[in-house]
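Biologist: I am new to this structure. Please pick a single part and take me through it closely, along with what lies around it.

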Amino acid sequence: MSLGQLLKMLGLGAVALTLGVEWVNWLARRLRPWRGPQGPLKEVLFFPSPITCTEHLYSPDRTSPCLCPLPHGIDTSFSRLLEHLLSACVSLELCVFSFSHLELSRAVLLLHGRGLAVRVLTDRDYMSITGSQIGALRRAGICVRHELSKVVHMHHKFALVDGRKLITGSLNWTATAVQSNKENVIVTEEPELVQPYRDEFSRLWEANDPANHNHHLPSSTATKGLVTHGNDV
């Protein structure tokens, strides 16, 4: 083998090695959570949040300006919360005590309309209070289950976006909580924090499967709040 052929082979080998390393790096970036300069995403949001226009988050491709009277172009804790929710590409798992906020309901319905897998866990007593959005979610075909125990409340307030982003804190999904209460929300993609919440959601989802409980309940209780098109309760 000539020196020229040897150098050519070495050059091709170096190119192949470089491409291999790049491919491995690309695959690693796809499989691990997004990491900024400080590591995995970590963000803290405090409420109450001022009322501003968030229409651009629901319709980012619109060309005409929104003509509503609310302030525009202002970044708030609520707009950041919406951005994180609407960033979902595959799934949304929501576990929340009280859910009556119309814009948050709109966001969940929008994700469901895009074909994402959406599952909701809520409290049995608070799912039917005046203004609750649980009925609207069910009517849209979203799978909803509630805490079946009569002696405890499902008091969690967390969401899992694509199974890798956790949104949790003191915030109930109500207008009062968003606009009037002192509340906090943490958003993180730290795997060590996300995984326990994934485990908790899975545990509660199975524990509150009505198929495992209806035969123990009186008929009036087992069917309370159900809709006729077969959604989970």
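Modeller: What follows looks at one helix, its partner, and then some residues around them.

This is a predicted model: local features need pLDDT of at least 70, side-chain atom pairs count only at pLDDT 80 or more, and totals for chains, interfaces and linings use all residues. Residues are numbered from 1 along each chain as its sequence is written, and side-chain values use heavy atoms, with hydrogens and water left out.

Start with the whole. The chain has 8 helices and 9 strands. Helices (H or I, at least four residues) and strands (E, at least two) are DSSP runs, numbered from the N terminus. Of the 233 residues in the chain, 39% are buried. Buried means under 20% relative accessible area, exposed means over 50%, and partly exposed is in between (1.4 Å probe, protein chains only). Contact means heavy atoms within 4.5 Å. Among contacts between residues at least 6 apart in sequence, 74% join residues at least 24 apart.

Now the helix. The buried residues are Ser-77, Phe-78, Ser-79, Leu-81, Leu-82, His-84, Leu-85 and Leu-86.

Its partner is helix α4, residues 102-113. Two packed helices are described by the angle between their axes and the distance between the axes. The axes of α3 and α4 come within 10 Å and cross at roughly 15 degrees. That makes α3 roughly parallel to α4. Axes are lines fitted to C-alpha atoms, for helices over the stretch in contact, and angles run from 0 to 180 degrees between N-to-C directions. Angles under 35 degrees count as roughly parallel, over 145 as roughly antiparallel, 65 to 115 as roughly perpendicular, and the rest as oblique. The crossing of α3 past α4 is right-handed: the near helix is turned clockwise from the far one by less than a right angle.

Which residues meet? From α3 come Phe-78, Leu-81, Leu-82, Leu-85 and Leu-86; from α4 come Glu-103, Leu-104, Ala-107, Leu-110 and Leu-111. By class, this contact has 9 nonpolar, no polar and 1 charged residues. Here Ala, Val, Leu, Ile, Met, Phe, Trp, Tyr, Cys and Pro count as nonpolar, Asp, Glu, Lys and Arg as charged, and the others, Gly among them, as polar.

Next, the loops. His-101 sits in the loop between β4 (91-96) and α4. His-101 is buried, because its relative accessibility is 5%. Beyond its neighbours within four places in sequence, His-101 is in contact with Phe-78, Gln-133, Trp-173, Thr-174, Ala-175 and Val-178. Phe-78 is also among the α3 residues that meet α4.

His-72 lies in the loop between α2 (55-58) and α3. His-72 is partly exposed, at 38% relative accessibility. Apart from neighbours within four places in sequence, its contacts are Cys-53 and Cys-66.

Ser-91 belongs to strand β4. Ser-91 is buried, at 14% relative accessibility. Leaving aside neighbours within four places in sequence, Ser-91 is in contact with Leu-116, Ala-117, Leu-160, Val-161, Asp-162 and Gly-163. Asp-162 is in the loop between β7 (157-161) and β8 (165-169). Most residues other than glycine have a negative phi. Phi of Asp-162, however, is near 55 degrees, a positive value.
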